[in-house]
Amino acid sequence: MGGAKKLEAKDLIKGGVLQCAEAATFGMPFEVWKTYMGAHRNESTMQAFRSVYSSGGVRAFWRGLEAKLVESALKGAVLLFSKEGIIRATRGLGFGDVASGLIGGFGGGVCQVTVMGPCTFLITASVASQGTKGQMSMMERMGHTFKTQGVGGFYKGGTALMLRQGSNWASRQGITDAVRAQIRKVKGKDKLSIGDEALSGVIGGCLSTWNQPFEVLRIDAQAAGARGEPSKNILETSSKILKESGVGGFFRGVIPRMGLCVAKTLF
């Protein structure tokens, strides 16, 4: 029992360190890029890239890093603790690996919103306001949001974020497990190599971006909240995006998000 607890604690620490390393290096530029695209849906993928660069050079791709590091340090621990607990419980009820992965992934993703809500709000507010006059620092944004909207202001877009994280990790876990099973079947062996595991994760991560509409809804809601606009529910926000950008607007930023998934998987 004691050894298991020690191993679990080490896993939580490793997860937080790896998530922070990923965010501080390759992950943050993809995060900023896809967030900018979700907030500025009239720009193409490369136009958005150039817009971010022109707003502050290379450093602009790491805007909001402070909030991202806090999120990275905590969300991995929350995901691992909740996801693995749910997976063990569902397997104990007789569910198979893929079904348990889907249920555990969804539950773990939903639990992540407790720490991700405020962090993603601050990152989105910082990225969406790039190049505007009177742009606030991270601490100024926190103080202003709390003063004007209270704690609830940090959870604008929380429903869309919950749907994104739940469907994201359900898909990623389930698809990755399905790919692993196929590789085992093709190679005729139970133990996969590091390359096989990485390939499974990359495929699972990229295919899990089918839920990009939830991500765009989350970004739009948080950007609007940062501007002090009245809150809208998911149906109202969806109608607004459809009217302004058409169906394609719901998939803005999917390419850099795939790059982010690859970066996370390899780390």
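Modeller: Glutamate 31 and lysine 34 both belong to helix H1, where they sit 3 residues apart, about one turn of the helix. Please bear in mind that this is a predicted model. The two residues form a salt bridge with each other, in which the closest N and O atoms are 3.3 Å apart. Glutamate 31 has a relative accessibility of 6% and therefore counts as buried, the limit being under 20%. Lysine 34 is likewise buried, with a relative accessible area of 1%.

Lysine 34 also has a salt bridge to glutamate 215, where the side chains meet at 2.2 Å, N to O. Because lysine 34 lies in helix H1 and glutamate 215 in helix H8 (residues 212–226), this pair ties together parts that are 181 residues apart in sequence. Glutamate 215 is itself buried, at a relative accessible area of 0%.

Another of the salt bridges joins the side chains of glutamate 244 and lysine 240, at 3.7 Å from N to O. Because glutamate 244 and lysine 240 are 4 residues apart in helix H9 (residues 234–245), about one helical turn separates them. Lysine 240 has a relative accessibility of 18%, and since the limit for buried is under 20%, lysine 240 counts as buried.

As for the nonpolar surroundings, the largest nonpolar core has 18 residues, of which Val52 and Leu122 touch the most other members. Helix H1 (2–39), the helix that holds glutamate 31 and lysine 34, supplies at least two residues of this core, as do helix H2 (45–54) and helix H4 (97–128). If residues up to four places away in sequence are left aside, leucine 122 touches Ala67, Met138, Arg141, Met142 and Phe154.

Definitions and conventions:
Residues numbered from 1 in each chain as written. Predicted model: local features only at pLDDT ≥ 70, side-chain atom pairs only at ≥ 80, totals over all residues. Heavy atoms only, no water. Core = buried A, V, L, I, M, F, W, Y, C linked by side-chain atoms within 4.5 Å. Buried < 20%, exposed > 50% of the residue type's maximum accessible area, 1.4 Å probe, protein only. Contact = heavy atoms within 4.5 Å. Salt bridge = Lys/Arg side-chain N within 4 Å of Asp/Glu carboxyl O.
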